[in-house]
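Dear colleague,

I am passing on the structure below, together with some notes on what was found in it. Please read the notes with the coordinates open beside you.

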Amino acid sequence: MRLMRLLQGYQKARRKLRFIRPTPLLGNMAPYAFQKVTFARLLADLYDGLKGCNIGGMFEFIHPRYLVLDPALIRTMFVKDADFFTDHEHPFTEHSEPVFGKSVFSLEGDKWKNMRHILSPAYTSSKLKSMFSLLAECEIQMMDHLKARSDGRVRLEIRDLMSRFTNDTLATTSFGFQMNSFKKTHERYFENSRDLTRFHGIRNLIFLAFMFTPGFAKFIHEVKSHDNDSILKQQISPVADILAWRNCQVGSSESGNSRNGFLRLRIIPSEIIGFLRSLIVDHVTKREKENTSRPDMLQLLIDTRKKQLRQSSEGQADGLEPPPTPLSDDDIVAQALVFIFGGLETTSTVLTFACYELALHQDVQKRLAAEIDASLGVDGGKLTYETTQNIPYLDAVISGKTRSGGRVVRRATLAVDLDSLLRGNPETLRLYPPAAFVDRSCVKPYVIPASGDNPEVHLKKGDRLWVSVPGLHYDPDYFPEPDKFDPERFSEENKDNITPFTFVPFGVGPRTCLGKKCVQGHPGSTLSLPGRALL
């Protein structure tokens with residue numbers, strides 16, 4: 001009945017707004033819910049079903065959503081009029097995840113603006129340049145690992161290699177941790193960081209419940225606030241008996257209490273959060289105690305807390321303005337965890353697909369390898385920040401500059417430049433975007449004017465809007481032969497042909513991914529050196 005009322009609301013309030021007719025309860029999510037398609041494929045299909053209009057409607061289960069298709073409208077709404085769409089929906093709240101709920105990803109309004117302002121300097125040009133030596137060290141560790149296993153050629157699992165490399169680069173550039181995952185001396189850190197972003201089994205069901213049923217987290221919170229003998233807690237006990245055994249902490253004093261176990265339902269297992277929290281807090285405490293500093297994200301948060309504590313002390317002394325609330329340990333841990341959550345799986349996946357595509361396209365790989373060799377030859381074989389900024393064909397694969405020339409050098413298939421991938425291989429990111437959709441929440445009334453066959457649309461506070469990233473990236477009107485791996489799309493000669501806001505792997509507007517500058521502008525490290533070692 002609720003779905004029918006929502007459907008009637010679309011037809012009445014939105015008049016001629018085009019939408020995809022839903023099925024009861026599942027809305028337009030049935031193919032994904034029954035695991036017939038991936039979420040990215042579903043969003044591409046929804047985009048195709050609404051193609052031709054600038055904005056349409058669909059249902060995320062029983063929740064109505066707007067799908068914005070027109071690139072010009074995406075720019076107008078989420079860049080020019082970004083103040084109307086400052087928030088987005090997310091599964092992490094302080095009810096469902098007390099630590100993650102404090103992260104910049106989950107914060108809203110002024111809290112988000114303040115935290116974003118604190119973290120933005122993490123990836124300035126000077127900071128990126130200062131991180132180069134840290135990344136080069138991770139590359140050397142990987143090279144040593146490959147050389148130890150090689151007698152001229154090496155067979156390995158690329159996904160694991162990229163996960164370990166990404167894990168080490170994130171650990172050293174964000175937190176100052178020297179891990180060297182290739183030696184497996186800190187395997188527990190690697191496994192917990194990796195498991196932070198992997199969802200399967202009952203954990204995936206819990207994630208979907210929190211993600212697609214926002215009231216679920218609120219319900220859990222409300223149940224927690226009741227007395228143990230309340231009627232509400234008694235009513236949920238049958239469900240608790242089913243789920244508690246998967247969520248109780250083994251050996252805890254409450255592990256035998258099904259209701260308490262149910263009420264500890266978490267998207268992220270508490271043992272993962274506990275291990276990483278302890279590691280990060282200990283590291284912060286050590287830096288503060290020893291008064292040491294390092295050019296990384298963690299230091300930004302430490303310095304901010306020092307400044308806030310000083311302002312708090314001065315504010316209490318003069319009594320003129322209320323002093324700022326200093327960052328807590330959980331605030332700092334939350335930002336650190338979101339860097340792992342948002343960077344490890346996404347980056348390593350893109351790197352893996354980039355290696356896959358370059359292995360398939362030997363002509364691109366050989367041309368790239370030749371120019372890397374030529375550039376390294378200028379500096380006597382030493383990789384420098386400046387060297388990575390001046391590799392011609394590399395820029396064609398990465399940032400849209402291309403030149404011809406360069407000798408072809410035979411090398412192992414793995415001889416692919418990680419710098420290009422870390423700086424953001426546009427064609428790989430187009431084919432395999434890290435996020436399937438961009439979402440925003442309307443925070444105040446907004447009107448989309450009528451244009452052509454598109455009706456005027458009135459958005460109200462709380463309305464949710466999506467942008468289908470694979471829909472745009474695979475639209476043949478914007479990218480001819482969209483299934484083809486073609487780095488030349490982003491060459492100097494062709495880049496002006498790309499319609500603005502059709503390539504959005506990092507999102508759009510003020511809430512663009514914090515790591516965008518790092519991925520697009522970081523000189524990074526290369527696999528060209530290990531490739532040469534394997535010749």
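Which residues in α8 meet which residues in α17? From α8, the residues Ile 158, Arg 159, Met 162, Ser 163, Thr 166, Asn 167, Leu 170, Ser 174 and Phe 175 take part, and they meet Ala 336, Phe 339, Ile 340, Gly 343, Leu 344, Glu 345, Thr 347, Ser 348, Thr 349, Leu 351, Thr 352 and Cys 355 of α17, where contact means heavy atoms within 4.5 Å. By class, this contact holds 10 nonpolar, 9 polar and 2 charged residues, with Ala, Val, Leu, Ile, Met, Phe, Trp, Tyr, Cys and Pro taken as nonpolar, Asp, Glu, Lys and Arg as charged, and the others, Gly among them, as polar.

The model is a predicted one, in which local features need pLDDT of at least 70 and side-chain atom pairs count only at pLDDT 80 or more, while totals for chains, interfaces and linings use all residues. Residues are numbered from 1 along each chain as its sequence is written, and side-chain values use heavy atoms, with hydrogens and water left out.

As for the geometry of that pair, α8 (residues 158-175) and α17 (residues 329-360) pack at an angle of about 145°, with their axes 8 Å apart; the axes are lines fitted to C-alpha atoms, for helices over the stretch in contact, and angles run from 0 to 180 degrees between N-to-C directions.

Overall, the protein has 25 helices and 6 strands, which are DSSP runs (helices H or I of at least four residues, strands E of at least two) numbered from the N terminus. Of its 535 residues, 52% count as buried, that is, under 20% relative accessible area, with exposed meaning over 50% and partly exposed in between (1.4 Å probe, protein chains only).

Helix α15 (residues 270-290) has 21 residues and reaches 30 Å from its first C-alpha to its last, close to the 30 Å expected at 1.5 Å a residue, the expected span being 1.5 Å times one less than the number of residues. Its buried residues include Ile 272, Phe 275, His 283 and Arg 287, and just after the helix Asn 291 takes a positive phi of about 55°.

Two loop residues may also deserve a look. Gln 35, between α2 (30-33) and α3 (39-50), has a positive phi of about 60° although it is not a glycine, and it counts as exposed because its relative accessibility is 69%. Phe 501, in the loop between α23 (469-473) and α24 (516-521), likewise has a positive phi, near 70°, but counts as partly exposed at 22% relative accessibility.
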